[in-house]
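Dear colleague,

I am handing over the structure below, and I would be glad if you looked through it before reading on. My notes come after it.

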Amino acid sequence: MAYLNTRKKGDFAAQKSEVENYCKYRFQIVNIFHDHRANATPPEKRKGFAEMLEYCAAKNCPEIVIYSLADLARDMDVGLATLNALNDRYTVYCVHNDFLGSRDDPEQRREAVANFVAYMGQYRENTHKTALLPSKKTEKGGDGRPIGRPKALNEGQVEALITIRQAGTSISQICRMFDVSRSTVSKILADYPELKGEWKGARQESPEE
């Protein structure tokens, strides 16, 4: 079973071809479900995604292949929650920038996905704690309010951003996941020159990256 969530015209044909190449000699694709321009809609509320889940439940399909973890949902927390829910019932594989490994062992694959979700969840928890604690270095005005523009991302989010960049996620995908600009990402990666350009450990990014 495969699921595609496309944003541009022509994405479906290109992604379908990559999915077929990825599954060759490994899986037999029973059906491909597809949503278009639905990034802002949570996966469970999308027509194609819902139909895929119904089909998988009815046919007892054990594996689901998606094109990209980053494109599963615009909001990172929603994407992780969806991935975790899928992992509870299916073995999930990813065609683009699959850094989780264990492709040939379903049990190890599901364990790797669960560990990744838990790992990112730790950052989410740290992010919440950091947001509740005022920084001692923050300069305040006479009314007690911080002076200057607040940071786009806190320390926990920055660490999570660096982690997924190291895993091969493109800058464009990171911008969508964290809802920040490319300039913000570039500033964060300024101390990591090896991550600013093409990441050698993953497939080559598109020219716009």
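What follows is a short account of the salt bridges and of one asparagine.

Please keep in mind that this is a predicted model. The structure holds two salt bridges, and I take them in turn.

In one of them, Lys-16 pairs with Glu-20, and their closest N and O atoms are 2.5 Å apart. Both residues belong to helix α1, which covers residues 11–23, and they sit four residues apart, about one turn of the helix. Lys-16 is partly exposed, since its relative accessible area is 29%, and Glu-20 is likewise partly exposed, with a value of 36%.

The other salt bridge joins the side chains of Arg-109 and Asp-98, at 3.0 Å from N to O. This pair links distant parts of the chain, eleven residues apart, with Arg-109 in helix α4 (residues 106–132) and Asp-98 in the loop between β4 (91–96) and α4. Arg-109 and Asp-98 are both buried.

The asparagine is Asn-5, which is found in strand β1, residues 2–6. Asn-5 counts as buried because its relative accessibility is 6%, under the 20% cut-off. The side chain of Asn-5 reaches the backbone oxygen of Asp-71 at a distance of 2.9 Å.

Methods. Residues are numbered from 1 along each chain as its sequence is written. This is a predicted model: local features need pLDDT of at least 70, side-chain atom pairs count only at pLDDT 80 or more; totals for chains, interfaces and linings use all residues. Side-chain values use heavy atoms; hydrogens and water are left out. Helices (H or I, at least four residues) and strands (E, at least two) are DSSP runs, numbered from the N terminus. Buried means under 20% relative accessible area, exposed over 50%, partly exposed in between (1.4 Å probe, protein chains only). A polar contact is a pair of N or O atoms within 3.5 Å; within protein, one must be able to donate a hydrogen and the other to accept it, and residues adjacent in sequence count only if both atoms are side-chain atoms. A salt bridge is a side-chain nitrogen of Lys or Arg within 4 Å of a carboxyl oxygen of Asp or Glu.
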